[in-house]
Structure formats: structure tokens, C-alpha cells
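This report goes through a single protein chain, from its overall layout to individual residues. The sequence and the structure are shown here for reference.

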Amino acid sequence: SSDLPRRMESDDDWDDVEEEEVEEEPCRDLFGSDVFGSVGEMLENCRAEHEFDLNGFCKERGLDFYDRIKLINFIRVENLRPADVIRTKAPYPWAD
């Protein structure tokens with residue numbers, strides 16, 4: 001048996017995570033420099049201001065936990081606009 005954490009295979013695995021466990025830390029906007037008080041606030045801003053639903057995007061494309069992290073890092077490093085991300089098709093450039 002490995003001491004490494006098990007890989008979360010789907011968004012369904014996140015259903016067991018308490019929101020307050022995930023959302024207590026400040027979080028920078030995916031598409032700008034604003035900093036929000038929680039992940040939830042940042043996600044709501046993405047939906048309201050950028051018309052981008054990160055959770056929906058990941059669920060529709062079957063992205064797991066690690067793919068989601070890669071996507072977030074890719075968006076920030078490449079300074080993408082929401083429309084650029086939405087138009088992306090598999091194979092995904094962040095999957096490397």
C-alpha cells in the first residue's frame with residue numbers, strides 16, 4: 001500500500017469534501033488580478049463577470065482533480081481569456 005493520497009477520479013469525489021475545507025483561503029481570479037476571500041467567491045465571480053463556470057467546464061469534459069489543477073495553472077500562466085478556454089478541445093494543451 002502506498003502512502004501517497006489516492007487520486008480523485010471524478011467530480012463526484014469532491015461531493016464528500018466540506019465546502020469550508022476548500023474555500024477558506026484567499027484565491028486569485030482565474031482571469032484577472034483580483035483576490036477573493038475564498039474559492040467560492042472566486043468561482044462565483046468567474047460565473048458572473050467572466051461567464052465561465054469552472055466546475056461545469058471540468059465536469060463536461062471529464063477532468064479529474066489533477067486535470068483541474070493543470071487547467072487552472074495553464075489559464076494563469078498563459079493569461080487566457082474565458083472564451084479561449086471554452087473553445088479548447090481535446091487533446092488539451094494543459095494535459096502534458
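## Overall layout

The protein is built from 5 helices and 2 strands, and, read from the N terminus, these elements follow one another in the order α-β-β-α-α-α-α. The model is a predicted one, with a mean pLDDT of 83 for the protein and with 76% of its residues reaching 70 or more. Among the elements, the lowest mean pLDDT, 50, belongs to helix 1 (residues 19-22), whereas the highest, 96, belongs to strand 2 (residues 35-36).

The protein has 96 residues, of which 33% count as buried. Its accessible surface comes to about 6600 Å², and carbon and sulfur atoms account for 47% of that surface. When contacts between residues at least 6 apart in sequence are considered, 41% of them join residues that are at least 24 apart.

## The nonpolar core

The largest nonpolar core contains 19 residues, and those with the most contacts inside it are Leu30, Leu54, Phe57, Leu71 and Val85. Helix 2 (39-50), helix 3 and helix 4 are the elements that contribute two or more residues to this core.

Leu30 is placed in the loop between strand 1 (27-28) and strand 2, and this residue counts as buried because its relative accessibility is 3%, under the 20% cut-off. Leaving out residues up to four places away in sequence, Leu30 touches Met42, Cys46, Phe52, Leu54, Ile72, Ile75 and Arg76. Leu71, with its neighbours within four places in sequence left aside, is in contact with Leu54, Phe57, Cys58, Leu63, Val85 and Trp94.

## Asp64 between helix 3 and helix 4

Asp64 sits in the loop that runs between helix 3 (54-60) and helix 4 (65-78). Is this residue buried or exposed? Asp64 counts as buried, because its relative accessibility is 6%.

The side chain of Asp64 is placed beside two backbone nitrogens: a polar atom of this side chain lies 3.1 Å from the backbone nitrogen of Tyr66, and the side chain also reaches the backbone nitrogen of Asp67 at 2.8 Å.

## Salt bridges

The structure holds 5 salt bridges. One of them pairs Arg47 with Asp53, whose closest N and O atoms are 3.9 Å apart; Arg47 counts as partly exposed because its relative accessibility is 33%, and Asp53, with a relative accessible area of 35%, is likewise partly exposed. Another pairs Glu60 with Arg61, with 3.3 Å between the closest N and O atoms. Here Glu60 is exposed, its relative accessible area being 66%, while Arg61 counts as partly exposed at 22% relative accessibility.

A further salt bridge joins Arg81 to Asp84, and its closest N and O atoms are 3.0 Å apart. Arg81 counts as exposed at 52% relative accessibility, whereas Asp84 is partly exposed, with a relative accessible area of 22%. Salt bridges with shared partners also link Glu44, Arg47 and Asp53 into one network.

Glu51 is found in the loop between helix 2 and helix 3, and it is exposed, with a relative accessible area of 66%. Asn79 belongs to the loop between helix 4 and helix 5 and is exposed, its relative accessible area being 66%. Although Asn79 and Leu30 are 49 residues apart in sequence, their C-alpha atoms are 8.6 Å apart in space.

The peptide bond leading from Ala90 to Pro91 is cis, with omega near 0 degrees. Pro91 lies in the segment that comes after helix 5 (82-87).

Key. Residues are numbered from 1 along each chain as its sequence is written. This is a predicted model: local features need pLDDT of at least 70, side-chain atom pairs count only at pLDDT 80 or more; totals for chains, interfaces and linings use all residues. Side-chain values use heavy atoms; hydrogens and water are left out. Helices (H or I, at least four residues) and strands (E, at least two) are DSSP runs, numbered from the N terminus. Buried means under 20% relative accessible area, exposed over 50%, partly exposed in between (1.4 Å probe, protein chains only). A polar contact is a pair of N or O atoms within 3.5 Å; within protein, one must be able to donate a hydrogen and the other to accept it, and residues adjacent in sequence count only if both atoms are side-chain atoms. pLDDT is the predictor's confidence in each residue, from 0 to 100. A salt bridge is a side-chain nitrogen of Lys or Arg within 4 Å of a carboxyl oxygen of Asp or Glu. Contact means heavy atoms within 4.5 Å. Accessible areas come from the Shrake-Rupley method with a 1.4 Å probe; for residues, only the protein chains shown count as cover. A nonpolar core is a set of buried Ala, Val, Leu, Ile, Met, Phe, Trp, Tyr and Cys residues joined through side-chain atoms within 4.5 Å.
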